[in-house]
Amino acid sequence: MPAFLNPANAEFWVGVGLLIFLGIVIFVAKAPKAINAALDAKAAKIQADLDEAARIREEAQRLLTQLKAERAEAEAQAKDMLATAQEEARRYEAEAKAKLEESLARRQQLAERKIANAEAQAAAEVKAAAADLAAQAAEVVLTKRLSGAKTDPLVDRAISQLGSKLQ
């Protein structure tokens, strides 16, 4: 074994000390940079996550505001539609009532006309029947008078009055 690897020699301990010193120098030089780099990377990632979270929160807030506005607009439209529908229903009800009243008035007029026509027809039939009865009665009366007498007293009297009326 070489002499410098023997722990009993001072060179061995100088070499070990040198290696430890170089290790510390390398570690101290690189370790803080690595630790700083790792911490910086972690801080950058955390900052990026915070920025993303803030962006997402702002977007969510904007969407919430937009949805609230859309909801308010939809509610206003629904109220307008409801008011319009109620107004239209009232208008349809009024139109239906007017049409019903008009229809009832026309039917009443038609019924009154039919009744008047039936009354007029019945009156005409009664007059015709009365005229027929009167004609039959007159025929019977005239037949009886003429059958009993050869001359009719009414005709004779009318003939005698003709002379005075013609003058």
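This report describes the fold, the annotated regions, the surface and the side-chain contacts of one predicted chain.

The model is predicted, so local features need pLDDT of at least 70 and side-chain atom pairs count only at pLDDT 80 or more, while totals for chains, interfaces and linings use all residues. Residues are numbered from 1 along each chain as its sequence is written, and side-chain values use heavy atoms, with hydrogens and water left out.

## Overall form

The secondary structure of the chain consists of two helices and zero strands. Both kinds of element are DSSP runs numbered from the N terminus: helices are H or I runs of at least four residues, and strands are E runs of at least two. Helix α1 covers residues 10-148.

The C-alpha trace spans about 200 × 40 × 15 Å along its principal axes. The radius of gyration of the chain is 66 Å, whereas a compact globule of 167 residues would have one near 15 Å. That radius is taken over C-alpha atoms, and the globule rule is 2.2 Å times the number of residues to the power 0.38.

Of the 167 residues in the chain, 2% are buried. Buried means under 20% relative accessible area, exposed means over 50%, and partly exposed lies in between (1.4 Å probe, protein chains only). The chain exposes about 14,700 Å², and carbon and sulfur atoms supply 65% of that area. Accessible areas come from the Shrake-Rupley method with a 1.4 Å probe; for residues, only the protein chains shown count as cover.

## Annotated regions

UniProt positions are given in the numbering used here, feature names are shortened, and annotations may be inferred rather than shown by experiment.

UniProt lists residues 12-29 as "transmembrane region". In the model, residues 12-29 are 100% helix and 0% strand, with their end C-alpha atoms 25 Å apart. The annotation "coiled-coil region" in UniProt covers residues 43-121. Residues 43-121 are also 100% helix and 0% strand, and the end C-alpha atoms of that stretch are 113 Å apart.

K114 and E59 are 55 residues apart along the chain, and their C-alpha atoms are separated by 79 Å.

## Nonpolar patch and aromatic pair

L18, F21, L22, V25 and I26 make up a nonpolar surface patch with about 460 Å² of accessible area together. Patches are made of residues with over 30% relative accessible area and no salt bridge; like charges are joined within 9 Å, and nonpolar side chains (Val, Leu, Ile, Met, Phe, Trp, Tyr) within 5 Å. V25 lies in helix α1 and is partly exposed, at a relative accessible area of 38%.

The model has one aromatic pair. The pair is edge-to-face because the ring centres of F12 and W13 are 5.1 Å apart and the ring planes stand at 75°. Rings of Phe, Tyr and Trp (its six-membered ring) pair if their centres lie within 6.5 Å; planes under 30 degrees apart count as stacked, over 60 as edge-to-face and the rest as tilted. W13 is exposed, at 53% relative accessibility.

## Salt bridges

Side chains of opposite charge can pair when their charged atoms come close. A salt bridge here is a side-chain nitrogen of Lys or Arg within 4 Å of a carboxyl oxygen of Asp or Glu. The count comes to six salt bridges, including those in the table.

| Residues | N to O distance |
|---|---|
| K45 and D49 | 3.5 Å |
| R55 and E52 | 2.4 Å |
| R55 and E59 | 3.2 Å |

K45 and D49 are both in helix α1, four residues apart, about one turn of the helix. D49 is partly exposed, with a relative accessible area of 43%.

R55 and E52 also lie in helix α1, three residues apart, which is about one turn of the helix. R55 is partly exposed at 42% relative accessibility, and E52 is partly exposed at 34%. R55 and E59, both in helix α1, are four residues apart, again about one turn. E59 is partly exposed, with a relative accessible area of 31%. Through shared partners, salt bridges join E52, R55 and E59 into one network.
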